[in-house]
Amino acid sequence: MAITSAHPTTLSRRALNRALLARQLLLERAPVTAHAVIEHLTGLQAQSPQAPYVGLWTRTRDFAADELSALLLDRSVVRLVVMRGTVHLVTAADCRWLRPTVQPCLDGVLGPRVWSRLEGVEPAELAAAGRAWLAAAPRSAAELARLLEERWPGLDRLLLGNALRVVVPMVQIPPRGVWGRSGQPVYATAEDWLSAPMAPAADREALVRRHLAAFGPASVADIRTWSGLTRLKETVDALRGELLVFSDEDGTELFDLPDAPRPAPDTPAPVRFLAEFDNAILSHADRSRIIGAGSRRRIMTRNAVIPGTFLVDGFVRGTWRKVEEGRAVRLAVTPHAALSAGEREEVESEGAALLSFLAPGAADVEILPPDAS
């Protein structure tokens, strides 16, 4: 990890980039456990079951997929809906305070318009029914849909299922998310799966500190973008006495933890491959510290699927995907602009290492022509 150094009040885009890379463990792979990384990052995006494995591989030394699988199986980490109403992989301890803290965001995802379409359904009644079904046995999404339809016939099953995931903290239990295994999500309540209650109250101050530790320096808008929560200014203001205050080149006020790493802007940054939906590129209102406007337009698909990306000199320079053709597996890399000879060599080398992790024995990395769209 880079050593913290003094900085002027105004932080350049490159200074913010290097700070983010250091906190995301993307300047050098960290010699720590997968559990420690998941805790430090306050979770990894997990809409794609394989994504957390790539996220950990790119951030830690000697990561083996079995390490994360074991954490899922022994219930040290869980997959559930938290920040921004999306599925994350979080530690069991973080699940207990984080879910109640981001609950207002989840409530807002539904809102009055959705509840108006669920006429006759009271949130408390829905929660009680869901908890009773899940207490009897873990249930698949299909099973829950059937039970919901029987209880509230004629209503939209998809909306009912979404509402149930909001009013009840439900975790996706193994084998979902276990390396090399597949299957549709099967749910249990977080309390039953972890044999522990949710925290009795939200902890917004902890949430702000966690964001700064993993993504700072950050503005109030950045923290809101990451968490999905509103009215965070009062929480940040309450913490001003323990935070450093900077600004970016546009004059936006940024906050930071005093002992957090802020490497020099010219600190070398190696090529890194990021997973689908990686929070490193999704957790700021102003994402220019890691992705330019052109690259951002290219990765924002209509179906909201964020592809795997790769960084060159700390910034997104293209996308990647694993391609399976029969028994052959290759890594297709699409730059957003031409790579220099040295950049191409480094991208190929890191891509080959990623492919070896994803498909042992495979080594075919194909760098496609730049995507100039």
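Where does Asp 313 lie, between which two strands?

A: Asp 313 lies in the loop between strand 10 (308–312) and strand 11 (315–325); helices (H or I, at least four residues) and strands (E, at least two) are DSSP runs, numbered from the N terminus. The model is predicted, with local features needing pLDDT of at least 70 and side-chain atom pairs counting only at pLDDT 80 or more, while totals for chains, interfaces and linings use all residues. Residues are numbered from 1 along each chain as its sequence is written, and side-chain values use heavy atoms, leaving out hydrogens and water.

Most residues other than glycine have a negative phi, and most peptide bonds are trans. Asp 313 is not a glycine, but its phi is positive, about 55 degrees. With a relative accessible area of 32%, Asp 313 is partly exposed; buried means under 20% relative accessible area, exposed over 50%, and partly exposed in between (1.4 Å probe, protein chains only).

In strand 10 itself sits Thr 309, which is buried at a relative accessible area of 0%. Beyond its neighbours within four places in sequence, Thr 309 is in contact (heavy atoms within 4.5 Å) with Arg 272, Phe 273, Leu 274, Ile 281, Ile 299, Val 316, Gly 318, Thr 319 and Trp 320. Val 316 and Trp 320, both in that list, fall within the span of strand 11 (315–325). Between Thr 309 and Glu 122, 187 residues apart along the chain, the C-alpha atoms are separated by 42 Å. Another pair is Ala 135 and Thr 189, 54 residues apart in sequence and 7.8 Å apart in space, C-alpha to C-alpha. Ala 135 belongs to helix 6 (residues 123–136) and is exposed, with a relative accessible area of 56%.

A positive phi also occurs at Arg 84, near 60 degrees and again in a residue other than glycine. Arg 84 is placed in the loop between strand 2 (77–81) and strand 3 (87–91), and at 22% relative accessibility it counts as partly exposed.

One runs from Pro 174 to Pro 175, with omega near 15 degrees; Pro 175 is found in the loop between strand 5 (170–172) and strand 6 (186–189). Another joins Gly 216 and Pro 217 at an omega of about -5 degrees, and Pro 217 has its place in the loop between helix 10 (204–215) and helix 11 (220–227).

As for the whole protein, its secondary structure comes to 14 helices and 13 strands. The radius of gyration is 21 Å, close to the 21 Å that the globule rule gives for 373 residues, so the protein is as compact as a globular protein of that length; the radius is taken over C-alpha atoms, and the rule is 2.2 Å times the number of residues to the power 0.38. Of the 373 residues, 54% count as buried. Among contacts with a separation of 6 or more, 67% come from residues 24 or more positions apart.

On confidence, pLDDT (the predictor's confidence in each residue, from 0 to 100) averages 94, and 97% of the residues score at least 70. Over residues 1–7 pLDDT stays under 50, and there the model has 21 contacts beyond four places in sequence.
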